[in-house]
Each structure stands twice: as C-alpha cells, then as structure tokens.
Amino acid sequence: MSENFSDFLYTCDSDIVCHKMLLALTHGKDLAEAARSVMEGLDGAFSVTGITGDGDFFAFKDSHGIKPLCAGHDPEGKTFAFSSETVSLDINSFVRDFELNPGELVTVSKEGFKRIQIIQNPKPAFCAFEYAYFARPDSIFNDKFVYEIREEFGRTIVRENPEIIKDGDIIMSVPETGDDPAMGVHEESGLRWERASRRHRYVTERAFILLNAERCSTIDRKINILGSKVKDKRVIITEDSVVRGDTTKVIIEKMRKSGAKKVYLFVTFPRIIGPCFYGIDMSTYGQLVGSRHNPEEIAKIIDADKVCYQSIEGLIRATGQTEDQLCLACVTGKYPTPCAQKMADAMKKRFQEGYEEKSRIYESEEAQP
Ligand code: SF4
C-alpha cells in the first residue's frame with residue numbers, strides 16, 4: 001500500500017481494505033473486481049459495508065464467511081440495510097432477507113439487492129464463538145435464535161457430565177451469556193436454576209476486553225452473588241467461556257466466601273487453546289489459561305471443584321452445522337486461512353521455547369511469518 005499511495009498511513013485494518021479497493025477502482029476495475037482483490041489479497045475475517053463515490057451501496061464477506069453479515073429491507077421496500085446481526089433489523093422494523101454467503105458481494109439499487117458470488121467458497125468457516133458468546137441471544141443464525149442454540153449447549157453438557165449432575169444441588173449462571181445454557185441445564189437435569197447471581201444494570205463495560213486489574217474489579221462491581229442462596233449448597237455454575245480465567249476466579253471466590261460447599265463449572269465453549277487472528281481479543285498464547293493448563297489445573301487455579309467444558313463435537317452438533325462449516329481454530333489449533341496457521345504455528349513454537357510475548361502477536365514484528 002505504501003508503494004501505491006505515498007500518503008498511506010496505517011491506522012486500522014479497515015484502512016487497508018479501503019485502499020485495496022481504491023487501488024483496483026483507480027486501475028479501471030469495477031466494484032466486483034475491487035471486492036475480489038480484497039477477498040483474494042487479504043488473509044482474515046472481514047464483513048465489509050460501504051458506499052462508493054458514485055453512491056453505490058454494497059456489502060461483501062471474506063471467502064470463508066468468518067463473521068456474520070445479513071441484509072434486510074423496510075416494509076415499503078424503499079430502504080435497504082446490512083447488519084452484522086438480525087436483531088438490528090428487528091429493532092428497526094426491517095424485514096430480514098438473507099445472510100450473505102462467504103465470498104459474496106451484494107449491491108443495492110432501486111430494484112433491490114443484486115447478489116454476485118465473487119469467489120466460490122473454498123471452505124466456509126463461521127466463527128463458533130459467535131454462538132457461545134458474541135452474538136446477541138435474540139439474533140438469528142441459520143434460521144435459529146442464538147439463545148436456542150445456547151440452551152442446547154446446556155443440555156449437551158449435562159448429557160456429557162452425568163456424575164456432576166448427581167452431585168449438584170442447584171444451578172447458577174454467570175449472567176448474561178451463561179443464562180441461556182443454564183436454562184438448558186435446568187431442563188435436562190431437573191435441578192433448580194437459582195437466580196443467585198445478579199448483574200448490575202448500569203455497569204456495562206465488557207470485562208472481556210479490559211486490562212487485568214480493571215477486569216477483576218469490573219466483575220466485582222458487575223456481578224452480585226446472593227450469599228444466602230448458595231450457602232451450604234453444591235452449585236453448578238454455567239459460563240460461556242474461560243479465556244484468561246481471572247474473572248471466573250473472582251466469581252468463585254465470592255461464592256466460597258458466601259459458604260458454597262462445592263462449586264462446579266460448566267463451560268459451554270470448549271477449552272480455548274490458541275489465539276484468534278480474526279478480530280477477537282485473544283491474541284497471545286500466554287494470556288490464555290487453556291493454552292497453558294489442562295482442565296484439572298484450571299480448576300485448581302480458579303478454585304473450582306471441577307471444570308467441565310462442552311466437547312467440540314457437542315458444540316458442533318448443537319449449532320446444527322458441521323465441522324466443515326465452522327471456524328474452531330481457537331479450540332482446535334486448525335486455522336481456516338494459511339497466514340493465520342503459519343503465524344499460530346510460529347508463535348506456538350516460540351511460546352513453548354519460553355519466548356515472552358510482548359504484545360498482540362500480529363502486531364509484533366518478530367511474529368511475522
Ligand atoms: S479463532 Fe475462535 S474466536 Fe476467532 S473466529 Fe475462529 S472460532 Fe471465532
């Protein structure tokens with residue numbers, strides 16, 4: 001980009017997408033060819049929406065379709081919209097039309113949407129973490145509400161861990177992404193779902209993206225444990241995922257202080273063992289408790305009696321997708337794009353050799369494959 005644009009200043013990834021398109025357009029290519037140059041030239045996840053200088057409204061997805069992007073229109077058929085989740089179409093009273101396919105470009109004219117398959121997808125790889133954590137529960141993927149899939153995660157994990165169910169008195173969730181799986185656990189096991197953890201309505205920071213100390217204090221303020229409800233109880237907590245482990249530790253600490261007799265953890269997203277290069281803030285091996293420790297060790301670290309992850313097979317089945325349709329890279333180590341795989345392998349080797357990761361690995365020069 002610097003060779004083609006003398007004033008090119010790298011500020012964010014969208015900058016590269018825009019310049020790549022601009023390069024094609026200024027060389028006389030049309031919008032479809034410009035979108036192709038991005039799809040073929042960049043390794044990563046992108047769901048792009050834009051308007052050209054001529055006023056053409058368009059959207060396209062990377063060739064693996066890693067992140068969601070859907071299209072809809074208003075009831076009069078005069079206004080068209082793209083959104084990462086169907087819920088924003090709902091709240092604007094728009095009609096949902098379709099989810100973009102991997103490698104697809106969609107343009108909008110007065111007549112409506114025009115769909116052009118730019119690249120026949122080599123292998124779709126929709127982010128499995130969307131189902132467990134990122135997406136809103138009232139969004140729809142593949143004709144199913146996300147919350148229904150999360151409930152199924154809860155049912156699956158019960159079937160996978162009958163001995164823990166026998167030893168539990170109540171279920172409790174880490175609100176709010178643990179709520180839907182808790183419903184599934186309750187339905188499948190018959191155990192009471194005690195609403196003994198409450199979320200502070202006005203503490204809205206996402207703990208996931210904060211720095212360590214901040215993250216723990218946010219969780220402390222955000223989640224209140226109703227001590228008398230867990231006292232002397234064997235509690236099964238449902239949680240969407242364990243990334244660093246520190247926030248779950250704070251919650252379990254509170255439960256122990258309240259007198260919980262046993263604390264089991266049901267985690268719906270399988271153990272995260274590798275970083276994500278597709279936009280999720282899990283960027284080094286060192287920060288992931290699951291890349292350094294097995295479930296027994298993790299239980300010790302966070303002071304749980306046992307940590308039970310949903311199996312990868314169980315997760316796939318519950319989504320209604322097949323393994324070939326999902327990105328599961330952070331739990332399997334198999335990345336859908338070649339550059340990410342190369343970078344992950346190189347960084348894993350260095351990590352195992354004791355190399356200290358100083359920053360997000362794709363930002364560190366030494367990390368470039
Ligand atoms: S690596 Fe994990 S978080 Fe990243 S896109 Fe794939 S499944 Fe989603």
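## Alanine 71 and its strand partners

Alanine 71 stands opposite phenylalanine 98 in strand β5, while in β4 the bridge partner of alanine 71 is phenylalanine 82. The model shown here is predicted: local features need pLDDT of at least 70 and side-chain atom pairs count only at pLDDT 80 or more, whereas totals for chains, interfaces and linings use all residues. Residues are numbered from 1 along each chain as its sequence is written, and side-chain values use heavy atoms, with hydrogens and water left out.

Strands here are DSSP runs of E with at least two residues, helices are runs of H or I with at least four, and both are numbered from the N terminus. Two strands pair if DSSP finds at least two bridges between them. With that in hand, β3 (residues 70–73) is joined to β5 (residues 95–99) by four bridges, and the two run antiparallel.

## The β3–β4 hairpin

Strand β3 also pairs with β4 (residues 80–83), again in the antiparallel sense and over four bridges. Cysteine 70 has serine 83 as its bridge partner in β4. Six residues lie between β3 and β4 in this hairpin, and in the turn you will find glycine 77 with a positive phi of about 75 degrees.

Now look at the faces. From β3, Cys70 and Gly72 point one way and Ala71 and His73 the other, all of them buried (under 20% relative accessible area with a 1.4 Å probe, protein chains only; over 50% is exposed and in between is partly exposed). From β4, Phe80 and Phe82 point one way, Ala81 and Ser83 the other, and all are buried.

Buried residues of α5 include Arg150, Glu151, Phe153 and Arg155.

Proline 181 is found in helix α7 (residues 179–189), and counts as buried because its relative accessibility is 1%. The C-alpha atoms of proline 181 and phenylalanine 153 are separated by 5.9 Å, although 28 residues apart along the chain.
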